[in-house]
Every structure is written in C-alpha cells, then in structure tokens.
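Student: I have a structure to go through with you. Can we take it piece by piece?

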Amino acid sequence: MITLYHCMAARSFRPLWALEELKLSYDLKMLPFPPRVLARDYLALNPLGTIPLLIDGDTRMTESAAILQYLVVRRGPTPLAVGTDEPDYGAYLNWLHFGEATLTFPQALVLRYSKLEPEQRRSPQVATDYAKWFFGRLRAVEAAVASSEMLCGGRFTVADISVGYALLLAQRIGLARDFGPAVAAYWQRLQQRDGFLPGSKSGSDRR
C-alpha cells in the first residue's frame, strides 16, 4: 500500500489530492509542521525533514510535482494525465512543474518572511517583493483559464492539482483576495471537486 506523510496545508496536499482522484488505497500519516523540528523521528525516514514523503514499495519520493507524474503513469492509464500523443502534452508538463517551480517558490518566501521567521528576522520588503513576483507569474494562469475551465487537455489533470495547491497556499497567506476574475472562478471550480475535500482528514488508513 502507498504511504503518504502529510502536514496540513503543505505541498503534500498535491499527492493527497491525486490519490483521492485516482481512488487509490493509501495510509495517510499526519505530522506537525515543520516535521524536522516537531517530529524528529521523521528524519530517520526522510533526512531532509521535508513534506511530502511518498513510499510505494521500494520507491520513496519527496518532490510533490514529481509524485503527481509518478502516480498517473504508474497507476494509470487515467484522464488525469495528458498522453504523449495529445497536442497539449507539452503544455501539461509545463503547467505540472509551473505550479511548484514558478508559483509556489515565491509564496514560500512570502510565508517565511511574513509569518514563520522570528519577529526580529521578518522582512516586509521581501514579503512584498515576492508577492508581486507571484502575481506577475499568475498572469499566465489568468490567461489560460479565461477561456477554458481547466489548464490543458480540455479536462481536469494533475497539472490542475499542481497549480491548485499554489492557489490554496495563496489563500492561506492572504493573497487570494487579489486573484483576477478568471483565476478566482477557476479556484472555485477546483475546490468543488470531491478529491479536493480530504485535505482536512486526519491520519488513518484510507479505503
């Protein structure tokens, strides 16, 4: 059985959402955030101390976007992936990694320097600068979903999960109020999916 180590509102929400969409059995292990500080035993499993950690037999993975790609290939075929023979294959891969590398990265700095660092180390200027960076990059999503319900392939895919987590993080840190109209509507559509809802579940054996 697949095991997923997860913290509330962390990047591990991406593979959790994908597991639900794929209707796979999994064992969900909830950890306090940050686990490298508050769950020191976890370092024996993942020396980085980061979330997520997905274990599938001998496979161990810690990169959330890569886990999405792994799950839809190894546990497919599934419409959650865009095939190599489809016109949107390149766009699909681009959005899949855009969600983490381009949208989540600047928000991690906003979160760190506005909330997580001790008061004396916080930097409103850094937080403001990287929030502007995030919104500059979010213009690509606004354009993509202005004329389409989902990002690519004419359907919901794990690329939407990747970008969707970035929108969840934006909501958590107070940036969602400045979403453009198309992104705001897209974000509402994503939250209505049944697979989105288990993000608040406690650690237990699912299915």
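Tutor: Start with a cut-off: a residue counts as buried when its relative accessible area is under 20%. Cys7, with a relative accessible area of 0%, is therefore buried. Keep in mind that this is a predicted model.

Student: What about Cys152, buried or exposed?

Tutor: Cys152 is buried, as its relative accessible area is 2%.

Student: And how many disulfides?

Tutor: The count is zero.

Student: Moving to the core. Which residues touch the most other members of the largest nonpolar core?

Tutor: Leu71, Trp95, Val141, Leu151, Val158 and Tyr186 do, in a core of 58 residues. Strands S1 (2-6) and S2 (26-30) each give two or more residues to this core, and so do helices H1 (13-22), H3 (64-74), H4, H5 (124-145), H6 and H7 (181-191).

Student: Which element gives the most to this core?

Tutor: H6, with 10 residues. As background, nonpolar side chains in soluble globular proteins tend to be buried together.

Student: Back to Trp95. What is Trp95 in contact with, leaving aside neighbours within four places in sequence?

Tutor: Its contacts are Ala140, Val141, Ala144, Leu151, Cys152, Ala159, Ser162 and Val163.

Student: Which of them gives the largest share?

Tutor: H4 does, with eight residues.

Student: And how do the lining residues divide into nonpolar, polar and charged?

Tutor: There are 16 nonpolar, five polar and six charged residues in the lining.

Student: Now backbone geometry. Where is the peptide bond to Pro34, and is it cis or trans?

Tutor: The bond runs from Phe33 to Pro34 and is cis, with omega near -5 degrees. Pro34 sits in the loop between S2 and H2.

Student: What about the bond from Ile51 to Pro52?

Tutor: That bond is cis as well, with omega near 10 degrees. Pro52 is in the loop between H2 and strand S3 (53-56).

Student: Which residue other than glycine has a positive phi of about 65 degrees?

Tutor: Ala9. Its place is the loop between S1 and H1, and it is partly exposed, with a relative accessible area of 25%. Lys23 also has a positive phi, near 60 degrees, without being a glycine. Lys23 is found in the loop between H1 and S2.

Student: Lys23, buried or exposed?

Tutor: Lys23 is exposed, with a relative accessible area of 63%.

Student: Last one: Glu21. Why does Glu21 count as buried?

Tutor: Glu21 counts as buried because its relative accessibility is 16%, and the cut-off is under 20%. Glu21 lies in helix H1. Leaving aside neighbours within four places in sequence, Glu21 is in contact with Leu80, Phe156, Ile161, Arg193, Gly195 and Phe196.

Key:
Residues are numbered from 1 along each chain as its sequence is written. This is a predicted model: local features need pLDDT of at least 70, side-chain atom pairs count only at pLDDT 80 or more; totals for chains, interfaces and linings use all residues. Side-chain values use heavy atoms; hydrogens and water are left out. Helices (H or I, at least four residues) and strands (E, at least two) are DSSP runs, numbered from the N terminus. Ala, Val, Leu, Ile, Met, Phe, Trp, Tyr, Cys and Pro count as nonpolar, Asp, Glu, Lys and Arg as charged, and the others, Gly among them, as polar. A nonpolar core is a set of buried Ala, Val, Leu, Ile, Met, Phe, Trp, Tyr and Cys residues joined through side-chain atoms within 4.5 Å. Buried means under 20% relative accessible area, exposed over 50%, partly exposed in between (1.4 Å probe, protein chains only). Contact means heavy atoms within 4.5 Å. A disulfide is a pair of cysteine sulfur atoms within 2.5 Å.
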